[in-house]
Amino acid sequence: MEAARLRNRVANTHATSDGAASGHAGAKRRRALVVTAGVAVLVDGLLWALGWRTFAGLPGAYWLMAVLAVVVDARPYVLADRRASSVILPSICFTFAIALAWGVVPALAVQVAAVAVAGVRMRQAVRRTFHLAVQHAVALGAAAGVAALVSLRIGPRPDWDDAVLTVAAAAGWILARYGLAAGVARLGSHRRRRPRGRRRGVEVLAAGALLLLGPVVLATAQVGLAFVPLVLLALHAVHRMVRSAGESERAARVDELTGLPNRRALQASVGDKGGRQRALLLLDLDRFRTVNDALGHRVGDRLLVEVARRLADVVPAHDLVVRLGGDEFAVLANRVDGAPEARRIAYHLAEALNRPFALDGLPVDVSASIGIALQGDSADDCATLLREAEAAMYDAKQRGDQVAVYGPDAAHHSPDRLALLADLRRALREDAPDDGIVLFYQPQIAIATGEVVGVEALLRWQHPERGLVGPEELIRVAEPTPVMRLLTQRVLHDVVAQVAAWRAAGRPLRAAVNVSARDLHAGGIADRIEELLHEYEVPADLIQLEITESALMADPHRVLNTITRLDRMGVAISLDDFGTGYSSLQHLRRLPLAEVKIDRSFVLGMAADRGDSAIVRSVIDLAEALGLRAVAEGVEDERTWRLLAGAGCHAAQGWFHARPMPPDELDAWLAKYRPIRPGPSPLAIARPSN
């Protein structure tokens with residue numbers, strides 16, 4: 001109840017603060033408009049006072065072009081955002097011509113007024129409008145300087161030399177403006193996001209077209225002023241070109257289904273950090289696959305649209321809501337003061353999603369697991385933030401929490417493990433023959449007959465510096481991260497390929513593969529196994545997956561859908577480490593299992609401890625009643641083997657029969673192996689010593 005009240009207080013606080021922020025933003029915009037207009041009037045007044053003789057002698061063509069310049073800047077060209085460096089002012093067509101004909105001061109007076117109109121029209125902050133004005137002032141000065149240097153003067157009969165020199169002046173304008181913009185950005189943040197090459201190319205092309213149109217307008221004005229307004233048609237064509245490029249850029253950054261920004265937009269926003277502390281919140285919808293399976297993909301898509309709309313409604317305008325794909329969404333919170341504030345935002349989002357969604361009159365309940373990654377003083381790249389947020393999200397799922405924050409204080413986030421994770425990721429992506437990732441196989445023996453009925457694949461990694469890294473350490477490092485998927489894909493491929501080789505050699509062996517909670521949650525593991533079985537022509541009954549109870553507890557509905565599909569394909573499912581988790585009887589009743597594996601912690605002690613022996617016998621009896629195979633792990637001696645035989649256990653696995661071996665050693669072992677049977681009666685259980 002206390003947690004619920006806290007979340008309600010957070011939601012109310014956000015709603016109140018959003019309303020106040022909206023009113024404050026409106027007042028701030030009005031102040032910006034007044035200041036922008038006032039500064040423009042002041043600057044133009046100073047220019048007029050200092051050069052009134054120059055302005056008094058200007059012809060009618062100047063005043064007509066000045067009016068048109070101010071008018072056309074009421075509709076500036078904006079590509080992908082509203083930063084000064086991404087705005088193209090159509091007025092430069094006229095101000096460039098004015099600078100060539102009458103000098104930089106008359107051109108600057110017109111440009112200041114035009115920039116002020118553009119800033120007011122775009123509702124830009126005073127600082128951004130000032131940056132825009134400075135860039136254009138410097139550009140006009142550079143163009144006028146080039147014109148003065150080469151004695152360029154556009155007259156009524158320009159020649160080829162004038163055309164070449166005009167291009168040089170236009171080049172000076174472009175280099176000055178965009179060079180200044182790049183320099184300011186570099187000084188403001190040494191890791192500032194660079195404009196995309198395609199967008200910058202469109203900007204330069206549009207600016208160049210407008211600049212080179214200026215001398216044409218100037219020559220036309222000297223013929224007759226009535227023809228000058230016709231240039232508006234050419235400006236409209238340039239505007240259409242820029243708008244088309246902007247729409248293409250925006251379409252590439254928008255999710256088609258929900259209309260939210262997509263992963264590409266998130267990458268651009270994360271790169272444009274600007275010195276702020278921010279948080280990335282990754283939301284993964286729980287049980288979304290159940291909705292898809294029960295109600296169909298059309299309803300599932302509608303649910304995603306409604307989730308997107310609700311998130312957009314509760315997230316402030318200064319934050320970014322993104323759909324990454326599937327049932328994953330992200331929120332980039334731009335005003336975060338540490339992990340506690342990020343948690344409050346996450347609970348606010350979770351509370352918003354907890355309200356049922358009405359789809360075709362049917363209320364659909366949705367919840368989300370949320371992982372948080374903080375972007376500190378250093379500008380973390382988007383891939384790193386996503387990886388950290390995803391690791392935190394899976395932490396939340398595994399613990400049964402709704403929210404988790406990524407932090408270096410967690411055990412699997414220690415520098416040593418992060419270094420090991422980086423080495424593992426590199427080895428998996430390079431996929432070189434000598435990457436050190438190998439599989440060992442341990443035989444499973446039918447106790448009643450002594451026959452080899454299968455093998456379990458056990459992962460090993462020969463690290464170039466650390467030596468042999470065991471499967472427990474590998475799983476602990478990889479499971480909370482996307483590397484786990486790469487590792488599972490590699491293991492599945494190698495196991496299926498090895499089973500195909502054994503089958504071709506006339507020795508069909510069933511191979512068991514351990515899969516993690518992350519693999520089962522993703523759902524794509526069934527597709528991957530189906531592809532591999534088809535590619536290597538391996539029957540499905542020769543592959544068995546081993547899952548743990550912890551994997552079931554994190555998201556039982558999603559896991560149930562995945563393993564049910566695998567069972568229908570013919571892939572057997574084994575419940576590993578049985579007896580060490582929770583809700584075991586419930587899972588045995590509901591899941592399509594083929595066998596249970598008795599945890600080695602009970603098997604190792606059953607020869608000396610009556611309690612362990614009782615647990616092992618109970619599990620075997622339960623498996624027998626449910627029609628499941630019972631397999632004992634950790635069989636290290638003959639006494640334990642005989643006790644398992646007496647209890648009716650189906651199969652055993654351990655060093656008593658064979659250690660884990662690479663494939664070539666296993667082939668040699670199988671060639672020498674002769675089945676042994678436990679005999680008519682097991683040995684008595686040894687009493688513990690006092």
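Buried residues make up 49% of the 690 residues in this protein, where buried means under 20% relative accessible area, exposed means over 50%, and partly exposed is in between, with a 1.4 Å probe and protein chains only. Now, a word on what we're looking at: this is a predicted model, so local features need pLDDT of at least 70 and side-chain atom pairs count only at pLDDT 80 or more, while totals for chains, interfaces and linings use all residues. Residues are numbered from 1 along each chain as its sequence is written, and side-chain values use heavy atoms, with hydrogens and water left out.

OK, the overall picture. The protein has 26 helices and 18 strands; those are DSSP runs numbered from the N terminus, helices being H or I with at least four residues and strands being E with at least two. The accessible surface comes to about 32000 Å², and 57% of that belongs to carbon and sulfur atoms. That area is from the Shrake-Rupley method with a 1.4 Å probe, and for residues only the protein chains shown count as cover. Then contacts, meaning heavy atoms within 4.5 Å: of those with a separation of 6 or more, 72% are between residues 24 or more positions apart.

N262 sits in the loop between α9 (231–251) and α10 (263–271). Is N262 buried or exposed? It counts as buried, because its relative accessibility is 15%. N262 and L324 are 62 residues apart in sequence, yet 5.8 Å apart in space, C-alpha to C-alpha.

Next, the aromatics. A pair of aromatic rings is described by the distance of the centres and the angle of the planes. The rule here takes rings of Phe, Tyr and Trp (for Trp, the six-membered ring) with centres within 6.5 Å; planes under 30 degrees apart count as stacked, over 60 as edge-to-face, and the rest as tilted. By that rule we get 6 aromatic pairs. Take Y62 and W63: their ring centres are 4.9 Å apart and the planes are at 80 degrees, so that pair is edge-to-face. Y62 is buried, at 2% relative accessibility, whereas W63 is partly exposed at 39%. Y62 also pairs with W102, with centres 5.9 Å apart and planes at 85 degrees, so this one is edge-to-face too. What does the pair of Y62 and W102 tie together? Y62 is in helix α3 (residues 60–72) and W102 is in helix α4 (residues 92–102), so the pair ties together parts that are 40 residues apart in sequence. W102 itself is partly exposed, at 21% relative accessibility.

The charged end of R310 is over the ring of F357, 3.7 Å from its centre. R460 lies over the face of F440, at 5.5 Å from the ring centre.

On to salt bridges: a side-chain nitrogen of Lys or Arg within 4 Å of a carboxyl oxygen of Asp or Glu. How many does a search of the whole structure find? It finds 17. One of them joins D494 and R490, with the closest N and O atoms 3.0 Å apart. Both residues lie in helix α17 (residues 483–504), 4 residues apart, which is about one turn of the helix. D494 is partly exposed at 24%, but R490 is buried at 14%.

As for accessibility, D527 is partly exposed at 33%, R565 at 32% and E530 at 41%. Elsewhere, E456, E546, K597 and E633 are linked in a network of salt bridges.

Last stop, the surface. V35, V39 and V126 form a nonpolar patch with about 200 Å² of accessible area together. V126 is in helix α6 (residues 126–149) and is partly exposed, at 31% relative accessibility. Patches use residues with over 30% relative accessible area and no salt bridge, joining like charges within 9 Å and nonpolar side chains (Val, Leu, Ile, Met, Phe, Trp, Tyr) within 5 Å.

Key:
Lys NZ or Arg CZ within 6 Å of the ring centre and 35° of its normal.
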